[in-house]
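Here are some notes to keep beside you while you look at this one for the first time. Take the points in order, with the viewer open.

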Amino acid sequence: MKKKKTKEEIVNNEEIITQNLKEKSQINEDLETENITETALDEEKKDVQEETELNSKQSETVFSKRIEIPLVGLIITILIFIIIIISLIIFKDKIFGFNFNKIKNNNVYSNQILVDNSLNNEEKVGFDIVSKWLENYKNANLEITSRILSYNINSISLNTKKDDKFIILATYDVVPVSINNTVWTNDNGEIQGDIIKNKVQYFTIEKINDKYEMTYTSITKPNINENNLTEERAILLIKNDFSDSYRLNLNSDSSMIEGLTIDKKNQINNTLNGSIDDYFKITGTYRNTYILGTFLVNKTTEDKWFVDIEGETFKLEKTTEILNIAEFEVQGDLTMTVDQAILVTLNSFPKNKRQNLQIVENWIDKIQNKKQVENKLGKLDDYYAFKTNTSKGFILIKKNGLAKEFVNLNGTITDILGIEDISTIIE
């Protein structure tokens with residue numbers, strides 16, 4: 001027999017059922033949320049995976065490009081480098097203005113000893129003088145048999161000394177222009193390829209006018225007490241007459257006299273009252289111009305003469321007189337500036353008679369006998385014209401420096417080249 005439920009029990013049951021329904025509903029909601037979350041996570045994982053794969057592909061593409069770009073650049077660089085090398089080989093003469101043979105001929109063989117504290121004062125002077133002596137033989141105007149390309153001084157030592165005179169012993173090597181046609185093998189030295197090594201030479205050096213000069217050189221030891229005229233001292237006698245002796249480059253050379261006819265040589269002997277063989281024969285360059293003639297200096301009396309290229313012979317009181325009688329062959333472009341011309345003109349006055357110089361334009365219009373002047377001087381544009389406050393005409397300096405004339409107002413021309421005091425002539 002069923003017991004009849006009370007009202008209170010019914011109410012309690014309803015509350016329990018309601019509670020269960022709520023809990024069940026909550027559980028369903030939680031399950032549904034979990035499903036949504038898992039679905040979102042799955043989608044997110046999928047997106048991440050797709051993005052990773054995409055990035056991976058992009059990375060591979062970029063990486064491959066990084067490999068391809070340098071490889072192409074490297075190939076292009078190598079090709080450019082090869083083209084440049086080939087161009088240098090083919091066109092090197094045009095690009096650089098010289099060729100390998102020229103470099104070889106200008107062989108820089110000058111690993112010289114140092115002038116340091118290991119050399120005494122005389123040896124240092126000797127080193128400078130021997131260097132200049134060898135340097136002179138590199139002059140392009142020398143005969144090929146004497147000329148050298150380069151040199152190397154191996155040792156310098158003081159051999160003998162007496163007062164202001166001493167002897168230096170030097171050893172050196174030279175590279176002649178022609179190893180098969182050279183005078184450098186005549187005395188000593190060893191030929192090694194293109195070089196003549198271990199040459200030995202004595203140099204006598206004296207103090208002349210407060211300056212040390214080489215007065216003698218030989219392969220045998222000289223006597224320091226001898227005062228005979230040597231070729232080197234003869235060159236000094238010539239140079240001492242020139243105020244600008246540093247512009248003279250002189251050496252022993254008899255080629256112009258040897259080229260004369262027998263009749264001309266006999267004529268010279270008659271003029272000298274002796275034999276040409278009694279004289280040192282010297283020529284060279286002055287102010288970048290080749291002297292067309294030969295100095296003669298007597299080995300005993302020290303008398304000085306000049307024989308021009310035609311064989312005409314002149315006695316010289318001062319060797320500067322050759323500027324009035326010699327011809328010169330210009331080597332290259334020799335042009336004086338107006339400032340240099342002014343300096344040359346000022347040096348023609350004694351120091352106590354120097355005057356202010358004025359440059360003159362159209363000077364030819366101010367003198368008589370214009371045609372006569374033009375016929376004698378040639379192209380007037382080749383001259384600078386100057387005057388002083390007291391000059392009775394115009395001083396003309398040729399722009400190549402090889403002529404100096406004075407033209408007075410009447411058109412008379414006086415050659416003043418080599419005259420040290422022109423003040424009396426121009427006034």
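The points below go from the whole chain to single residues.

1. First, the ground rules. This is a predicted model, where local features need pLDDT of at least 70, side-chain atom pairs count only at pLDDT 80 or more, and totals for chains, interfaces and linings use all residues. Residues are numbered from 1 along each chain as its sequence is written, and side-chain values use heavy atoms, with hydrogens and water left out.

2. Check the confidence before anything else. Mean pLDDT (the predictor's confidence in each residue, from 0 to 100) is 78 for the chain, with 73% of residues at 70 or more. Where pLDDT is low, the predicted coordinates should not be read in detail.

3. Now the overall make-up. You'll find 10 helices and 16 strands; these are DSSP runs (helices H or I, at least four residues; strands E, at least two), numbered from the N terminus. Of the 427 residues, 34% are buried, where buried means under 20% relative accessible area, exposed over 50% and partly exposed in between (1.4 Å probe, protein chains only). Among contacts between residues at least 6 apart in sequence, 54% join residues at least 24 apart.

4. Strand S1 (148-162) and strand S2 (165-176) pair antiparallel over 12 bridges; to count as paired, two strands need at least two bridges found by DSSP. Ser155 sits opposite Thr171 in S2. Between the strands are 2 residues, and Asp163 has a positive phi near 55°.

5. The largest nonpolar core contains 21 residues, and Leu250, Ile282, Ile291, Phe295, Ile322 and Phe328 have the most contacts inside it. A core here is a set of buried Ala, Val, Leu, Ile, Met, Phe, Trp, Tyr and Cys residues joined through side-chain atoms within 4.5 Å. Helix H4 (231-239), strands S6 (248-252), S7 (279-286) and S8 (289-298), and helix H7 (322-325) each give two or more residues to this core. Another core lies apart from it, with 20 residues including Ile129 and Tyr172. Beyond four places in sequence, Phe328 touches several residues, among them Tyr286, Ile291, Ile322 and Leu402.

6. Is Leu248 buried or exposed? Leu248 belongs to strand S6 and counts as buried because its relative accessible area is 5%. Leaving aside neighbours within four places, Leu248 contacts Lys239, Phe242, Thr285, Tyr286 and Ile291.

7. Compare that with Asn209, in the loop between strand S4 (195-208) and strand S5 (211-218). Asn209 counts as exposed because its relative accessible area is 67%. Asn209 and Asn240 are 31 residues apart in sequence, with their C-alpha atoms 9.5 Å apart.

8. Finally, the sheet towards the end of the numbering. Five strands form an open antiparallel sheet in the order S12-S13-S14-S15-S16. S12 (358-359) and S16 (413-415) are the edge strands, each pairing on one side only. Within the sheet, S14 (393-398) and S15 (404-408) pair over 5 bridges, and Ile397 faces Lys404 across that pair.

Key: Contact = heavy atoms within 4.5 Å.
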